[in-house]
Amino acid sequence: MTDETAKQTKQTELSERLAVLKRNKAFIVGAAILCFWALSAIFGKLIARYDQDFMDYEYINSAPSGKYWFGTDSNGRDVYSRVIIGSRIILVISFLATLLGAFLGASLGLAAGYLKGKFDMILMRILEAISAIPVIIIALLAVAAIGRSSSIITVLIIGFIFTPNVARTVRAAVLGESELEYVAAAKLRTEKTAHILFREILPNVLPTLIVEFTVRLGYAIFAVATLSFLGAGLEAGSPDWGTQVADTWSLIFTDVWWPTLFPSLAIASVAVSINLISDALLEVFEL
Amino acid sequence: MSTIEQTTTEVSTSGLSRRHFIQAAAATGIAIPFAQMIGGSSVGAAGKVFRYASQAQEGPAAPWMTKGGSLGILNAVGSWLIDVSPSGELKPSVATAWKGTNGGTTWTFTIRTDVKFHDGSALTSDDVVYTVNSHLDSKNKSQSAAKLGGGVTCVKVDAKTVRFDLQKPNANFPYNVSSSNYGLLIMKNGAKGDESWIATMNGTGKWIMVSHKVNEKTVFKRNMNYFDKAQIPSFETMEQIQYVSQSAAIPALKTGKIDSIHLLYGTEADTLPKAKFYKTLVPTCGGLHMHMRADIGQLTDKRVREAIALTLDRTAYIKGVLGGYALLANDSVMDSFPTADKSVPQRKKDIARAKALLAEAGVKNGFKLTLQSWKRDDIDKFTAFVKSSCKEIGIDVTVDLDGSDGGGARWYAYSVYPSVKGSKVANKGEWLASEFGIAEWAGRPTPDEYLNREWKSTGDWNPHYLDAPDLDAAVDAWLTALTPAKKKAASSAIQKASLKYTPIIVVYNETRVTVTSNKVKGVEFNQQGANWTSGTNA
């Protein structure tokens with residue numbers, strides 16, 4: 001089989017899988033929910049009915065109504081508007097953190113799976129040690145050590161924490177790929193290691209990486225929300241969903257449940273949507 | 001030598017209509033407590049545990065290191081020369097009587113002879129003199145020393161008398177040695193009031209410390225040797241449980257795990273069923289003080305500071321967010337006190353004027369600014385209010401609240417202490433070295449401490465670093481005034497200077513709300529948040 005034929009076969013296979021994916025109900029539902037939040041993140045200020053910080057002193061802890069669809073919080077702020085606007089923060093931070101983790105993890109996983117030997121063994125033991133510590137503990141330790149928290153720090157911490165998991169997944173895929181003929185052929189052509197890793201092997205493990213990316217994105221949503229809930233995330237009073245839940249959860253005991261429920265539902269809906277997409281990808285790519 | 005027979009003292013008490021002058025309170029105390037005359041005690045009614053939720057500690061509960069949240073613990077184990085009741089009145093305690101002479105520059109206190117420390121030893125005037133001098137010794141870095149006022153000396157006259165000599169007259173001096181200066185609880189001669197004190201907490205108060213876990217729980221047993229037999233608690237044990245948020249204690253209250261929550265939001269207290277819980281309200285002159293640095297940063301122009309103050313709709317905030325559980329303040333601490341000059345115009349929200357001031361100051365389009373403090377329910381809400389309000393004139397406020405150690409350990413780190421007049425110390429993100437920040441002040445029976453420590457340019461807790469001679473002069477005039485007329489004139493000058501320079505924004509004076517289970521009656525907390533009486537079983 002020539003290179004051209006092999007490429008065409010792969011493209012046909014990919015088209016068929018994407019066609020299957022488009023018919024997958026879990027994927028459609030997940031993508032629809034995620035699209036809604038992505039649009040909210042981009043056009044939040046237009047979709048929201050009030051400014052995120054606007055306080056209506058006449059409507060403190062007001063239940064959901066025609067004026068305030070999701071009710072108001074203890075500062076008289078519109079919960080609906082804050083949930084919509086807050087989507088940008090959590091989505092952007094989660095996406096960037098996952099991207100960072102995927103980049104670092106894929107690079108390490110490619111190198112470990114391809115180079116093998118002592119490098120692989122030492123690197124994997126280090127990554128295993130890191131992933132043995134619970135995510136939130138590492139994150140809190142990092143925030144405590146740095147002494148401050150911010151969006152950038154949150155991205156860096158979560159990206160770092162996700163690196164070992166991505167690396168292990170990619171490494172496993174690379175181990176299989178590195179024994180195939182096209183890798184041997186590249187070696188015979190005396191291609192540089194970086195070329196073999198990123199131009200030859202990476203495209204072939206991309207489906208694995210994409211699925212891993214979606215799985216990690218789901219975890220990142222939870223990690224960002226949890227860090228914010230614990231006060232180690234973003235600016236106090238920010239419309240970020242985790243911060244909203246942290247600021248309002250105690251109101252539940254005074255029968256004011258809406259400022260907590262709606263951001264919680266938002267977190268859950270994004271996480272579920274990403275999981276649905278991830279499951280569909282796993283199924284379609286038979287990983 | 002003239003004796004002050006009729007000194008006027010003003011006290012912030014429960015609401016405007018009930019505020020009053022306590023004639024001669026500072027001059028002569030009542031020699032024998034009423035309860036002692038009638039004898040008897042309420043001991044034995046309950047024989048159970050009283051549990052209450054209090055705010056988180058900002059620092060160790062040690063006499064020299066007093067910080068917010070620790071006063072409840074100190075109040076339980078300690079006694080002072082004089083107590084201040086929830087309504088702001090002076091009550092004899094370790095001192096049975098006190099007298100001001102020499103125009104208010106000499107104060108003499110008569111000490112009880114039946115007071116015992118928790119270790120069984122008797123309290124003497126030596127202990128009193130030692131306690132005061134240990135605070136005045138600068139190497140101990142006591143946070144209570146400045147509350148005594150400058151140039152104070154304390155000497156033993158005889159076994160049951162001590163004398164204070166002041167450089168300047170002060171009609172309110174008895175308050176400076178009262179429980180409102182809560183670090184000044186009487187320690188045993190030679191004891192250290194630093195962190196080591198926490199191990200034993202050897203005080204003379206009505207509760208004896210059994211166990212203490214910082215920012216978790218402190219357990220006390222009642223002191224059957226307490227000198228005021230009528231005040232011996234009816235409960236055998238008291239547990240002070242600390243929550244990061246008072247609201248978080250509501251489930252524990254609802255399920256009977258605790259009996260009382262102090263400093264709950266009024267709006268939240270209103271949601272609890274009246275059939276099971278009752279509220280007690282203590283209007284205070286305390287609240288949140290938002291300072292703006294006059295020496296460095298973006299707020300050095302007084303027009304900018306005034307513009308920020310003009311964005312705030314105080315009345316709406318008090319009525320809406322605080323549910324009416326506060327009194328309007330007007331950027332000075334004088335509003336709660338009877339000598340406030342009510343003719344000074346109140347500051348109201350005026351966005352047009354605020355924008356004009358910003359334009360005059362050359363920042364027409366606003367700027368970015370960081371507001372710093374620590375995480376607490378009322379501060380969370382207030383910062384949201386400030387952020388929302390400042391947005392109206394283009395000032396983009398980022399809120400940075402310290403949640404470390406559960407109680408603002410970073411915010412009250414005191415790496416900068418004391419404040420130095422005119423200092424240009426860099427912003428370090430803590431109270432006394434932040435450009436734009438908020439500190440919470442508990443109520444005080446008189447405004448003296450606020451004025452002397454926070455507002456005056458030479459104050460050790462001056463977070464704004466404003467150097468305004470006319471404000472300083474007005475404060476000095478207040479501190480030394482001995483008549484109501486002079487106090488009022490000084491108050492007026494302070495109010496006007498505060499509005500002129502706006503070093504600190506004071507939006508409201510809080511009404512402290514305590515919610516208690518109906519199973520316990522008579523629970524009271526004072527203006528500062530210390531448990532005044534733990535009540536009895538209903």
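Two residues are taken to be in contact if their C-beta atoms, placed from the backbone, lie within 7 Å. In this predicted model, a contact so defined joins the two chains, and 19 residues of chain A and 27 residues of chain B take part in it. On the side of chain A that touches chain B, six of these residues are nonpolar, eight are polar and five are charged.

Chain A contains ten helices and zero strands, so that its elements, read from the N terminus on, run α-α-α-α-α-α-α-α-α-α. Taken along the principal axes, the box filled by the C-alpha atoms of chain A is roughly 75 × 45 × 25 Å.

Two packed helices are described by the angle between their axes and the distance between the axes. For helix 8 (residues 193-229) of chain A and helix 10 of chain A, the axes come within 8 Å and cross at roughly 165°. Because angles over 145 degrees count as roughly antiparallel, helix 8 of chain A is roughly antiparallel to helix 10 of chain A. The crossing of helix 8 of chain A and helix 10 of chain A is left-handed. On the side of helix 8 of chain A, the residues that meet helix 10 of chain A include Ile210(A), Val211(A), Thr214(A), Gly218(A) and Phe222(A), while those contributed by helix 10 of chain A include Ile267(A), Val270(A), Ile274(A), Asn275(A) and Ser278(A). By class, the contact of helix 8 of chain A with helix 10 of chain A comprises 14 nonpolar residues, four polar residues and no charged ones.

Helix 10 (residues 258-284) of chain A also packs with helix 3 (residues 79-115) of chain A, here at an angle of about 30° and with the axes 10 Å apart. Since angles under 35 degrees count as roughly parallel, helix 3 of chain A is roughly parallel to helix 10 of chain A. The crossing of helix 3 of chain A and helix 10 of chain A is right-handed. Helix 3 of chain A brings Val79(A), Val83(A), Gly86(A) and Ser87(A) to the contact, and helix 10 of chain A brings Trp258(A), Pro259(A), Phe262(A), Pro263(A) and Ala266(A).

Within helix 6 of chain A, a kink of about 35° lies at Thr163(A), shortly before the proline Pro164(A).

Two backbone features were noted in chain B. The peptide bond from Tyr417(B) to Pro418(B) is cis, with omega near -5°, and Pro418(B) lies in the loop between strand 18 (396-402) and strand 19 (436-441) of chain B. Met201(B), although not a glycine, has a positive phi of about 50°, and Met201(B) is found in the loop between helix 5 (173-176) and strand 10 (207-213) of chain B.

Definitions and conventions: Residues are numbered from 1 along each chain as its sequence is written. Chains are lettered from A and ligands numbered from 1 in the order in which they are written. This is a predicted model: local features need pLDDT of at least 70, side-chain atom pairs count only at pLDDT 80 or more; totals for chains, interfaces and linings use all residues. Axes are lines fitted to C-alpha atoms, for helices over the stretch in contact, and angles run from 0 to 180 degrees between N-to-C directions. Helices (H or I, at least four residues) and strands (E, at least two) are DSSP runs, numbered from the N terminus. Angles under 35 degrees count as roughly parallel, over 145 as roughly antiparallel, 65 to 115 as roughly perpendicular and the rest as oblique. A crossing is left-handed if the near helix is turned anticlockwise from the far one by less than a right angle, and right-handed if clockwise. Ala, Val, Leu, Ile, Met, Phe, Trp, Tyr, Cys and Pro count as nonpolar, Asp, Glu, Lys and Arg as charged, and the others, Gly among them, as polar. The bend at a residue is the angle between axes fitted to the seven residues ending there and the seven starting there.
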